[in-house]
Amino acid sequence: MSPPARCPPAFSSVAFSLPSRGFFDRATTSHHNVDPAVHGALFSSPVGQQQQQQLAPFSSSSAAPVLFNSPNSPFAPLQARLKQPREISERQRRGPARIDLTDEEEELFSLLRTVTADCGMKSTLRVAGGWVRDKLLASQEFRNANFGPGMRGFEYGATTSTSTTPVESVDFEEWVGGDVGQPCVPSSKSLRVTETVDIDIALDDKLGREFADELNQWFTAHGQETHSVGVVMKNPEKSKHLETATMRINNYWIDFVNLRAEEYASDSRIPELMRIGTAEEDALRRDLTINSLFYNINEGVVEDLTGRGLDDLRRGVVATPLPPLTTLLDDPLRVLRSIRFAARLRFGMDDSLRKAAADPRVKEALEQKVSRERVGSEMNLMLKSRDPVRALRLLVNLGLIETIFPPPSNKYATNGEGSFDGVFHEGLALLSTTHDHLCDCMANPPLWCEAKRALEAGAVNGVKKEETRVLMEDEDTRRLLWYAAFLKPLRDRTTRDDEEVELELRKKPRKSKRSVILELLVDGLKRPIREAESVEKIMRAADGFTKLVSTGSDLSALPVLLSGARVRNARGGTSRNSMNTICTMDNRIIDPDDEDDPVWLHCMEFRQNCAEIFQKTEYLWRAAFILSLCEQLRGWRKHEIEYMCGGDLVQEAPEEVAGAILVSYDTFAAAMMHLGLVGIWNQQPLLNGDEIKKSVLPNIPHGPMFRDVMDAQTKWMTTHPGGSRDKLVEHLRTVFPDCV
């Protein structure tokens, strides 16, 4: 049951939509037991000689035995087993999984088969990686296998939060921690994310560029238009270990690359030996079993050459083809990829993989062998995934979070505690609350979260459609919000009052002015400085909104709604022309120049207080507002409020307090929308600098006073929306009489 709305009787005439209490929820998981026998080896029991002959086409070629025969190879411990018949049946290798192709995919694959045959090529074309995995997960068979018939399974472009068990009945550490080996069950709430569609095609006998050239030759011979080919050269530092040829055919971007085998040096994640390999070798060197599946275009079948990919996909388990500790030490970036895929697909982590990921040697290797750019890229992808909360929870529980975000020295802690202990658990809790609440807003949006109303509100100041997008539709801003929510407790422990910070920053050299957040994101993760500054903007603005609410501005919003005060754009008017701005209250038009109604003046004071935040934060204001709201929800989560009313002791449970907070913030947001604050950062001054210096205030001295004059103009225009130039000139001459 939704918490009761705490509004005065007259307020009931104003329509508000109260989100459900998803922020009180946590994941309910069902444990997938993983057979320990499969953890230590790829294959465990022999089959007949006939089976061995069936596997012969996939064994190492005579021209390339180096990888498997080298005594230093990571495959050496498995050499004896790989030479023996293995328990991989034809059913495991080639089915019974089916991929249902679209008409466009069938046309593409038919074209490739035709070109291969016409050109006399003996190449076997295999689609590798994510396309195979996602096509299988989208099939009914795998939906039923993962979530049961009738439950909501894999949905392209959906992300879910965790929400079924009331958090007030769960210990905090248990709620933050949980069993990282358990897969998440998706909830009915979701945020949409965009997935790029491309197809990786692996070749068994040539380089991708060679095949792309032959493909274009075929197009030319048949009178068809050729396609440009982009060649991505080998760049191990960016995980491009072999040359890749990219071309667009119809609606698909195709990457052609050869199958490969590789060996790693102990001090680097970059393979020191690479060669064209067999399909089996290529499958075994991949990061996860679910990413090692192939779709054989020549034969139209799914190939599971590790013998585990389909089974792990059905069970919802993230596991490695080879022993996980060896896999992660060879390339420590894979520990972050495994976490990302577990979060993206809502899969559990194989028990042996989880133990390997928590091994101190993996953490050390991640610090030493992986560049910060690659770590930052993976972190960014996690926050763009379907469940960023789960990704961060895994990082915290596996002890990897301080490798991603190394906390500053304790000497920077200014909150009185003198340390950063537990700061990432606090960040995880705030992130979870923020994510869940945003999911609730999508399922049951308040009026201020509706896209249509956002567009109408932005018309007053002529903001573009992109700047009025609500958070449920704005993936980039959501990603910045996830950063801000998770790192906000860390920032709060290193930041004092804003005025003190500003005074200190002015005294420091420019390079030393970077905050802890900028250091973590720019220096630590190599994210763009503009992105890091946006994250910090969200944090500062959230503090600003919280301060306004704590000083009673949420109550000041009530008169705005009850009086019907509105600042809107005249129909057909252009946004930035103040003459097209119309102010109304109590069903009458307001003259902004001369209106002296106390209620209107109160509304304009509220507008000015909020405008200062909007002008600094711009289109990120929604993210900041949500963060401020969710900080309040987190603060009251575990508290029961008691107070005296008419001589009686009244007790309010956390959900009742949360309901009151939601109504308060909904009121606040609706009032800001009504007063035309969306896009106020685009407000153009009525008087430019030359006009002020020449005709309005001709005696204005050089120096900081000119900035004061411009600020006074901005403030007057904010409290007199649609006001005239003449009244503005009169106001400035009154405020700065010595400059006239």
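Trainee: What makes the meeting of the side chains of aspartate 282 and arginine 286 a salt bridge?

Mentor: This is a predicted model. In it, the N to O distance between the two side chains is 2.8 Å. The cut-off is within 4 Å, so the pair counts as a salt bridge.

Trainee: Why does aspartate 282 count as buried?

Mentor: Its relative accessibility is 1%, and buried means under 20%. Arginine 286, at 15%, therefore counts as buried by that limit too.

Trainee: What about arginine 98 and aspartate 100: are they buried or exposed?

Mentor: Both are exposed. Their side chains still meet in a salt bridge, with 3.9 Å from N to O, because the limit is 4 Å.

Trainee: Which parts of the chain does the pair of glutamate 631 and lysine 488 link?

Mentor: The side chains of glutamate 631 and lysine 488 form a salt bridge at 3.2 Å, N to O. Glutamate 631 is in helix H27 and lysine 488 in helix H21, 143 residues apart, so the pair links distant parts of the chain. Lysine 488 counts as buried because its relative accessibility is 1%.

Trainee: How many salt bridges are there in the whole structure?

Mentor: A search finds 33.

Trainee: Which residues of H16 make the contact?

Mentor: Met379, Met382 and Leu383 do, against Pro388, Ala391, Leu392 and Leu395 of H17. By class, seven residues in this contact are nonpolar, with no polar and no charged ones.

Key
Residues are numbered from 1 along each chain as its sequence is written. This is a predicted model: local features need pLDDT of at least 70, side-chain atom pairs count only at pLDDT 80 or more; totals for chains, interfaces and linings use all residues. Side-chain values use heavy atoms; hydrogens and water are left out. Contact means heavy atoms within 4.5 Å. Helices (H or I, at least four residues) and strands (E, at least two) are DSSP runs, numbered from the N terminus. Ala, Val, Leu, Ile, Met, Phe, Trp, Tyr, Cys and Pro count as nonpolar, Asp, Glu, Lys and Arg as charged, and the others, Gly among them, as polar. Buried means under 20% relative accessible area, exposed over 50%, partly exposed in between (1.4 Å probe, protein chains only).
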